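Q: I'd like a close look at one part of this model, please. Take me through it in some detail.

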Amino acid sequence: MLKIKALRTEYLENPIGIDAQNPRLSWKLESDRQGVMQKSYQVTAALDSAFETIVWDSGMVQSDASVQVLYKGEKLCSGQRVYWKVKVTAEGETTEIEAAESETVFFEMGLLKEEDWKGKWIEAVREPEDIESYNPASYLRREFQVKKGLVRARIYQTAHGLYEFWVNEKRGTKDVFKPGFTSYYHRIQYQTYDITKLLEEGENVWSVIIGDGWWRGSTGGMYRNNFGYRLQFLGQIVLEYADGSKEVVGTDEKFKIAHGGLRMSDMKFGEVYDARLESKGWKKIGFDDSAWEDAPLAEGKYLNYSLLVPSRSVPIREKEVFFPKVLVDKEGSTVLDFGQNIAGYVRMKLRNTRKGQTISLIHSEGMKDGVFYLGNVCTDLTDNTHYQQVDYIAEGADEEKYQPFFGVFGFRYVKVTGIEQEILPEDFEAVAVYSDMEETGDFHCSNELINQLVKNSRWSQKGNFLDVPTDCPTRERSPWTGDAQVYAKTASEFMNVYPFFEKWLADVSIEQYRDGMVANSVPVTTSLHSEEEVNRLITENKCGFIVPGIGGPDGKPGVFDGSAGWGDVATIAPYTMYLCYGDRQILENQFECAKRWVDYMIRCAKDENEKQMERPEYQNFENGVRDADYIFDTRFHFGEWLEPYSEESGDPAEQDLEAQKKRTDPLVATAYMYHSAVLTAKMAEVLGKSEEQKYYREYSENVKRVYNKYFIHPDGTIVKGRQAPYVRTLQFDLCYPEMRKKVAARLAEAVRDNGMCLNTGFLSTPFLLFQLLENGYKEEAFAVLEQTKAPSWLHPVILGATTILEEWTGLDEHMNSYNHYSYGAVCDFLFGAVCGIQPLIETPGYKHFELRPVPGGTLSCAKATYESLYGTIRSEWEKKEGRIEFYFAVPVNTTARIVLPDGRVENVGSGEYRFVVS
């Protein structure tokens, strides 16, 4: 029987407040028959659920398209709700055509024109504040009337800062950390919510708290006030009545403002809440706010309505909850162990407090020698530093409850001080908080250490996908471009990350510098500051290790911006999203950014490196062009960041600041210049840009020629003792076919010489096992995968890690972040090689895909599932009595090529399949 399910608009379920005039529609099909393909569809859209006012009828379209089907009906207006459903016909290999009709779903438009905004930006505090200090959160409220006959109410809100809101004392949404993180000086998201059921006829009250957030809080290094110095708020409630009339209650001088119990609200350094200072009943109707001040209209930058965009990704939500074991460390401190490293916060219940009693929660990732420890993520802390800390000052009651409003911390352990009675585990619950992405993939095998590695990778993704892809949820919380591009493919396997990346990559484009350089971290978190202000922060050592840039095309890059492998997010991430989801919109959105990045690298390659002038590439020419012009040997590059130390290669992870400023790595930079040129040519081909395709393809061929000429020796050697150059060369197809076997042999030799341990850093680690396997070194690939000695993926697992570490030996040495997802990209090998689920660029988005599982190592079984845009893909194998049994599931409306280890190839349609290989 044919069924239609999972209808989505713009990748979201029944979204409210979108702005796409031609929103993308999608659905999935289910059938109990094999080889079923959609033959036709008919989408009907209307302004009412009874479909009496039709705004689009596609007619019966002969097509197998069931994803990214564009709405092509009447022009959509602000606030308009559109209901839609779809009818499809489908045909199986041996069945007649079947038909099915879906349920009805909807989408609703946001405010599409500037003049739709009636609310005014208001200041959340009247008096000037000390910009060097942590200031209290701002409380806002307004009472308003609702007439009889209300049929619909919408609230539209945003803030310079983070906001939380209530209507008639009821929390208005489950979404947290609103309005999200964007390049605020170019665009700021607003949210739309249906509050009809929260309103009452007569008097109502709208209450808001605003905290520092990304706007003026701490993100990146140690500096604050990233985008602004003052908290500001904008919103409006639109009331619609049965008689057709409308009323708008907007932010203006009628709002009342004050401070309350929340005395500090920094996302990283934490919160201070004094329950004694909280005005009782301030969220209730009839509260006496005569002592509160009138809100002034806002002044300053970034107040134009033209900057406002609706939320374009999934919301941030509270997710899993953990209860602790109560420990006492060797110093006598009370420590809560929640068993899992997460990003989030703790809900606590306090009993029988004294007025003024201060309870503190300090969050950390680890213990060292039996003692609560924070040093791995912030070595310059002093005893007085308020870092990842919540202080609650009690009012003195039988029971008090608190959870942070705007603080989010990376932690497994929490040190508790100030509680005098026995701590009950049920009074403290850790709440994981991250972008609410649909979980799509899972992997399980006979090796429990690998299974834990998969869990660790997924948890590191959850801990770092908080509206933007951060490096870690503790020290920096920066949206590093290099980390994101390395992990993008694996991220797409664990979760549906398309809307997440589409939203974030827009800021990568927006903040691209005028010369084409891409910042290492986007959004740049010093966007407000002048060059003088940034220099002051550097002088006062408030920027941390990474010297920041000033964001946006008119800004000034930081010393380390534009690093190869980091800036290449401009090409790699959009291409990866297209491969995994088949949506060419991401290529259309990002092509100019990709092209400008490659052009920037090409110009940099033409610059001369004075230290290299005696090298032969500066003396040799072909077709009138100097060979050195195809080698990117200028500008700073991180290179193969955090590559393990090697006696032969030296220490490529040297982190001395002055040495880093002068550092370049032509081997890495030239390879990425080639790779990005190739990807840009492929993107141009998809988009029908033939001239750009030809130009970047020809340019990449010249880079390849020069790379082979100067970097690859006749025996295949590139750099002795280092695996990364071989991995990168093979992965990017940078060596000529006649050299590939030799380069692969050198890679395998380097792996064996290193005791079957890896020694790759951030950039090449995801590809190491693939290249060993694809080039005939299966035994080595699985030996490295299952290795438990350091450096390896499983070494931290045996030490008890529950997330992916920044350093291979981070737990051994108690150093650096314990929650960095980059090395978790190895899970792509588990999905794509061990179980063999791979999308194909010719038919992207898993419309037609490959199932090529490779059993190996000590594994006796493995299973992977992936929820594609079409449905569930499954690949499973098990060794039984001298044979291997394979099980596959292919979703309706897709086809697959199954390649078995014995060489058999089967092209199949949807359904379930079993094969046996002896």
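At roughly what angle do the axes of helix α2 and helix α3 cross, and within what distance do they come?

A: Quick housekeeping: this is a predicted model, where local features need pLDDT of at least 70, side-chain atom pairs count only at pLDDT 80 or more, and totals for chains, interfaces and linings use all residues. Residues are numbered from 1 along each chain as its sequence is written, and side-chain values use heavy atoms, with hydrogens and water left out.

Now the helices (DSSP runs of H or I, at least four residues, numbered from the N terminus). The axes of α2 (residues 448-464) and α3 (residues 481-494) cross at roughly 100° and come within 11 Å. Axes here are lines fitted to C-alpha atoms over the stretch in contact, with angles running from 0 to 180 degrees between N-to-C directions. That makes α2 and α3 roughly perpendicular to each other, a label that covers 65 to 115 degrees.

Who does the touching? On the α2 side, Val454, Ser457, Arg458 and Gln461 make the contact, and on the α3 side Tyr487, Thr490, Ala491 and Phe494; contact means heavy atoms within 4.5 Å. By type, these residues divide into four nonpolar, three polar and one charged. Nonpolar means Ala, Val, Leu, Ile, Met, Phe, Trp, Tyr, Cys and Pro, charged means Asp, Glu, Lys and Arg, and the others, Gly among them, are polar.

One more detail: the charged end of Lys462 sits over the ring of Trp459, 4.5 Å from its centre. "Over" requires NZ of Lys or CZ of Arg within 6 Å of the ring centre and within 35 degrees of the ring normal.

Key. Helix = DSSP H or I, 4+ residues; strand = E, 2+ residues; numbered from the N terminus. Parallel < 35°, antiparallel > 145°, perpendicular 65-115°, else oblique.
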